[in-house]
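Student: I am new to this structure and would be grateful for a close look at one part of its surface. Which residues stand there, and what lies around them?

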Amino acid sequence: MRLAAFLLRRLLGLVGVLLGMSVLIFGIIHILPGNVAYAILGEFATPAAVAQLEAKLGLNDPLPMQYWRWLSALLQGDFGTSIVMSRPAASLIAEALGRSAVLAALAFGLVAMGGIGLGLYGATHRGRLADKLLTLLQFVLIAVPEFFWAILAVLIFAAWLNLLPATGYAPLSDGVLAWGSHLLLPVLVLASGLVAHVARLTRSSTIEVLDSRYVLTARARGLGERRVLWRHALPNALLPAITVLAIDAGLLIGGIVVVETVFAYPGLGRLLVYAIERHDLPLLQVGMMVVTAIYAVANFIAELLYAVLNPRIRVAGAAA
Amino acid sequence: MTAVARSPLRLPSSLVLGAALLGLIAAAAIVGIWLTPYDPAAFAVRDRLQPPSALHPFGTDEFGRDVLSRVLAGAHLSLAAGFGAMAISLAVGVPLGLLAAFHRGVTEELIMRAVDLLISLPPVLLGLLVLAVTPPSLGKTIAAVGLVYVPILVRLTRAVALGLLQEDFVQAARARGEGAVPILWHEILPNAWPPIIVECGLRVTFAILLGSALSFLGLGPQPPASEWGLMIAEGRDFLRQAPWICLAPGLSLCVLLVTVNLVGEGLRERLDPQLSGRAHA
């Protein structure tokens with residue numbers, strides 16, 4: 001019952017955030033100095049052309065009316081049309097989203113498994129040489145920007161070793177090898193910083209748990225080290241890791257924009273940058289909305305997972 | 001809050017090392033605004049794409065410009081992006097956080113819901129959104145990055161201030177009849193700054209990263225500026241023939257980020273020893 005109330009409250013919050021987001025995105029794009037029609041046509045556009053486009057886009061109506069028209073169309077599944085490509089934005093976004101999702105899912109899987117695995121290894125081998133090397137590696141991984149990793153990866157694996165394609169994308173129909181070889185570098189680069197982030201957190205929370213009294217009790221009861229780790233330490237040590245994985249979903253989306261640009265990978269991030277470069281504002285607007293919605297839902301799921309794993313949150317959540 | 005009172009002699013080694021390095025970088029960056037081995041903007045077509053040599057330690061780019069000079073001339077841009085953005089988030093976030101803690105009710109609700117909203121936009125996207133419609137420039141990049149970290153500082157300041165408002169010394173000040181401003185200024189702020197500084201120290205790294213990523217995407221200073229992210233983006237076309245165009249600013253950026261990170265970790269160790277065990281998301 002309590003879980004249902006919690007769910008309902010969070011769902012309402014999610015809807016609120018999405019509504020607010022739509023106002024914010026629409027507002028920034030339409031209120032910031034820089035006339036939309038001029039942005040689309042360029043600074044040398046004739047006033048007549050500007051007036052014509054403004055009429056076509058309905059830009060002369062009051063803003064709240066424009067917003068309402070956009071939102072109601074969006075809710076009915078009409079995502080508008082890309083100005084530059086003269087194609088429905090929905091199909092453009094759907095295609096790009098599919099490719100980004102593959103990239104993100106692979107990177108996220110690598111982050112979750114690699115990060116938690118390395119963190120556990122570091123915690124159980126505390127103070128040994130391997131642990132120290134891992135800590136150093138994590139420090140470097142966190143501090144180096146993704147786009148620089150991407151450049152290094154292209155330089156080493158594509159330019160010098162000629163092992164992998166530098167940029168681009170191959171559909172699965174071209175064969176698993178072509179598909180995978182185009183995905184390998186982007187996934188590795190995308191995961192690099194986040195693996196370190198998750199590993200560091202998992203290591204410190206596992207150490208904290210391993211030093212706790214109930215683990216001491218479990219050991220005193222004569223349980224094997226493996227059983228202590230899996231049954232007693234891990235479930236509690238993983239809670240912070242789940243939160244940080246949710247936070248990392250945001251960083252992952254930011255990283256995707258950069259990584260897709262460097263590797264010329266035709267996903268949603270690349271599409272957004274393209275929309276910005278070409279001033280394709282209708283496409284940009286709805287693309288931003290889709291990304292934000294995905295992010296909000298990811299956070300929502302993370303919060304649910306957290307609540308299921310840690311009943312105390314549900315009570316605390318009621319007070320917040 | 002006794003952390004501040006400890007002996008100033010025991011500074012963490014990472015803080016000392018990081019601060020020394022950061023000082024060196026800052027000095028080089030400031031000198032580099034006016035003084036570089038070559039004119040960072042001067043074309044020399046005959047010397048284009050030269051590999052590193054005694055004359056050009058970092059080589060030359062596709063226009064024959066000296067890469068070392070350009071890296072030096074652009075250093076202050078990355079520093080400005082990181083620290084400028086942090087200054088903006090501090091100047092906006094801390095007062096809002098204090099306000100939310102002090103005026104519970106409608107004001108708090110308004111501020112915190114706005115924060116919830118801003119935080120639900122992934123950081124790079126918030127920057128992209130601000131920079132999408134207007135022509136990009138360094139100032140706008142700094143403002144956009146600053147805006148990204150405002151919600152985090154509001155939440156942190158509010159949480160710290162709420163805890164402090166329960167303390168006896170604040171209750172005493174209230175009982176003496178002191179107003180909101182003196183209480184916030186004399187009682188809350190002096191005790192709230194250590195966690196805020198620690199957070200900022202760690203966030204500067206991310207601010208520099210985000211700023212350079214945005215200019216890498218073409219949403220920062222425009223050519224012929226020698227911002228490092230922009231230099232890396234421009235050098236990509238010559239990666240095979242002249243990798244030094246990308247590598248020089250890229251490695252410089254890494255050194256700067258590691259240095260700032262050292263300072264941030266050092267500050268955390270110095271100001272908040274309880275925090276050092278706990279991971280910081």
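Tutor: A patch joins residues with over 30% relative accessible area and no salt bridge: like charges within 9 Å, nonpolar side chains (Val, Leu, Ile, Met, Phe, Trp, Tyr) within 5 Å. The model is predicted: local features need pLDDT of at least 70 and side-chain atom pairs 80 or more, while totals for chains, interfaces and linings use all residues. Residues are numbered from 1 along each chain as written, chains are lettered from A and ligands numbered from 1 in written order, and side-chain values use heavy atoms, without hydrogens or water.

The part to examine is a nonpolar patch on the surface of chain A, formed by A:Ile156, A:Phe157, A:Trp160, A:Leu161 and A:Leu163. One of the members, A:Trp160, belongs to helix 7 of chain A, which covers residues 146-160 (helices are DSSP runs of H or I, at least four residues; strands are runs of E, at least two; both are numbered from the N terminus). A:Trp160 is exposed, its relative accessible area being 55% (exposed means over 50%, buried under 20%, partly exposed in between; 1.4 Å probe, protein chains only).

A:Asn162 is found in the loop between helix 7 and helix 8 (176-210) of chain A. Its phi is positive, at about 55 degrees, although the residue is not a glycine. A:Asn162 is also exposed, with a relative accessible area of 58%.

Further along chain A, two buried positions stand in contrast to this surface. A:Tyr265 occupies the loop between helix 10 (225-262) and helix 11 (268-277), and its relative accessibility of 1% makes it buried. Beyond its neighbours within four places in sequence, A:Tyr265 is in contact (heavy atoms within 4.5 Å) with A:Arg99, A:Ser100, A:Leu103, A:Gly168, A:Tyr169, A:Leu183, A:Glu260 and A:Arg270. A:Tyr265 and A:Ala170 are 95 residues apart along the chain, yet 9.4 Å separates their C-alpha atoms. The other position, A:Ser205, lies in helix 8 of chain A and is buried at 10% relative accessible area. When residues up to four places away in sequence are left out, A:Ser205 touches A:Ala237 and A:Pro240.

In helix 3 of chain B (residues 106-119), the buried residues are B:Glu108, B:Ile111, B:Met112, B:Val115 and B:Leu118. They lie on the same side of the helix, because they cover an arc of only 120 degrees around its axis (taken from the directions from the axis to the C-beta atoms). The face turned away from this buried side carries the exposed residues B:Val106 and B:Leu110.

Helix 3 of chain B also holds a charged pair. B:Glu109 forms a salt bridge with B:Arg113, their closest N and O atoms being 2.5 Å apart (a side-chain nitrogen of Lys or Arg within 4 Å of a carboxyl oxygen of Asp or Glu). The two residues are separated by about one helical turn, because they are four residues apart in the helix. B:Glu109 is partly exposed at 41%, and B:Arg113 is partly exposed at 43%.

Over all chains, the structure holds 17 salt bridges. Another joins B:Arg203 to B:Glu199, with the closest N and O atoms 2.7 Å apart. These residues, too, are four places apart, here in helix 7 of chain B, and therefore about one helical turn separates them. Both B:Arg203 and B:Glu199 are buried. A salt bridge also links B:Asp61 and B:Arg65, with a closest N to O distance of 2.9 Å; B:Asp61 is buried at 3% and B:Arg65 at 4%. This pair belongs to a network of salt bridges that links B:Asp61, B:Arg65, B:Arg70 and B:Glu234.

Two backbone details of chain B complete the account. B:Leu49, in the loop between helix 1 (13-34) and helix 2 (67-102), has a positive phi near 55 degrees without being a glycine. B:Leu49 counts as buried, at 17% relative accessibility. Finally, a cis peptide bond joins B:Pro223 and B:Pro224, with omega about 5 degrees, and B:Pro224 lies in the loop between helix 7 (180-216) and helix 8 (228-235) of chain B.

How values were computed:
Areas by Shrake-Rupley, 256 points an atom, 1.4 Å probe, with all protein chains shown as cover. Expected span 1.5 Å × (residues − 1).
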